[in-house]
Amino acid sequence: MAQLKRYLDELDGQAVHELWTDVTPINPRADERLGYPTQKPEALLVRILMSSSRKGDVVLDPFCGCGTTVAAAQKLDRRWIGIDVTHLAIGLIKHRLVDAYGPGIASTYEVIGEPTDADGARELAETDPFQFQAWALGLVGARVASSAKKGGDKGIDGRLYFHDGGPAGDTKQIVFSVKAGHLVPAYLRDLRGTIDREEAQIGVLLSFETPGAGMRAEAASAGFYASPWGGSYPRLQLLTVGELLAGRGVDYPHLTGGNVTHRRAPRELKAADQGELGYGEGSQTDPR
C-alpha cells in the first residue's frame with residue numbers, strides 16, 4: 001500500500017486537539033487572579049480568539065464577568081464589546097484594563113449604561129440600591145464588602161485598602177457606608193463606631209443627599225489619620241454623588257503606597273485596539 005512519509009523539519013507543528021489539557025486553571029497565587037469566582041485563564045481565551053478571529057475583528061462577550069475575554073481581545077488587537085448586568089463587573093474590568101495598559105486606555109473605549117449625572121444616579125438608587133452601592137464604590141476605587149448583599153455587612157458597604165509605610169506588607173483600610181436615601185445623623189455615628197471596631201484608618205460616608213452642617217461638624221470632630229510619611233487626612237469623610245461625578249475622591253495617602261484594594265492585572269507592554277463596555281441586559285454598542 002502506498003504511504004506518505006513526512007519529516008519533522010517539514011511540519012508546521014502539531015494541530016491542537018479538541019481536548020485542551022495544557023491550559024491549567026488559575027491557581028490561588030497566580031498574578032492574573034483577580035478574586036472573581038468564575039474567572040477563566042486568559043490563555044484559554046487567547047487560544048479561542050486566535051483560532052476564531054483575526055486582527056481588527058469584533059469580539060462580543062455578552063456575559064463578560066471580570067473581563068478575561070476583553071483582556072484577551074485587547075492583547076490580540078481585536079476590537080471588543082463586553083456586556084454585564086452588574087456595575088461590580090464593569091468596575092473590575094475598568095481596573096483591569098488600567099492596570100494592564102495604564103490610565104490612557106480609558107480614552108479608547110466607551111462605557112454605556114453607567115450614570116453620568118445626578119439624575120442617572122438617582123434612577124439607579126431607586127431601582128437597585130445594591131447596584132448603586134457598587135457603582136458609587138467603583139468611582140473611588142473601593143470594593144463591595146463580601147457580605148453586603150446578604151445584609152450581614154455590620155455597617156460596611158465597601159472597603160479600600162492601601163499601603164502607607166510601616167512593616168513590609170502592612171496594609172491600612174478605609175471603610176465605606178453608602179446611603180442612597182435620606183440622611184440622618186445616626187448614619188454618621190454608626191460609621192464612627194465602625195471605624196473604631198474595625199480599627200480602620202478612615203471612614204467615608206457616600207451619599208446622594210448633601211449632609212447638613214451638623215453632620216459635617218461631627219465628621220470634623222473625628223480628628224485625623226496621620227501618615228507615617230507625613231500629612232494628615234480626615235478620619236471621617238463625607239462625599240456626595242455630585243462631588244464624585246465632579247471628580248472629587250477620598251482624601252488618603254495616594255503617593256506613599258497607593259490603592260491595593262483590587263488584585264492588579266499583569267502589565268502589558270502596549271495597548272492594542274479599541275473596545276466598548278456595556279452595562280445591563282439588552283445593552284448594545286456599535287464598534288468604532
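Reply: Val-16 is exposed, because its relative accessible area is 51% and exposed means over 50%, buried under 20%, and partly exposed in between, with a 1.4 Å probe and protein chains only. This is a predicted model, in which local features need pLDDT of at least 70 and side-chain atom pairs count only at pLDDT 80 or more, while totals for chains, interfaces and linings use all residues. Residues are numbered from 1 along each chain as its sequence is written, and side-chain values use heavy atoms, with hydrogens and water left out.

Me: Where does Val-16 lie relative to α1?

Reply: Helices (H or I, at least four residues) and strands (E, at least two) are DSSP runs numbered from the N terminus, and Val-16 belongs to the segment before α1 (42–52). Over the chain, there are eight helices and eleven strands.

Me: Is Ser-53 buried or exposed?

Reply: Ser-53, found in the loop between α1 and β1 (58–61), is buried, because its relative accessible area is 13%. Of the 288 residues of the chain, 44% count as buried.

Me: Which backbone oxygen does the side chain of Ser-53 reach?

Reply: The side chain of Ser-53 reaches the backbone oxygen of Leu-49, at 2.6 Å.

Me: How should I read contacts along the chain as a whole?

Reply: Contact means heavy atoms within 4.5 Å; among contacts in the chain between residues at least 6 apart in sequence, 64% join residues at least 24 apart.

Methods. Polar contact = N/O pair within 3.5 Å; in protein donor to acceptor, adjacent residues only side chain to side chain.
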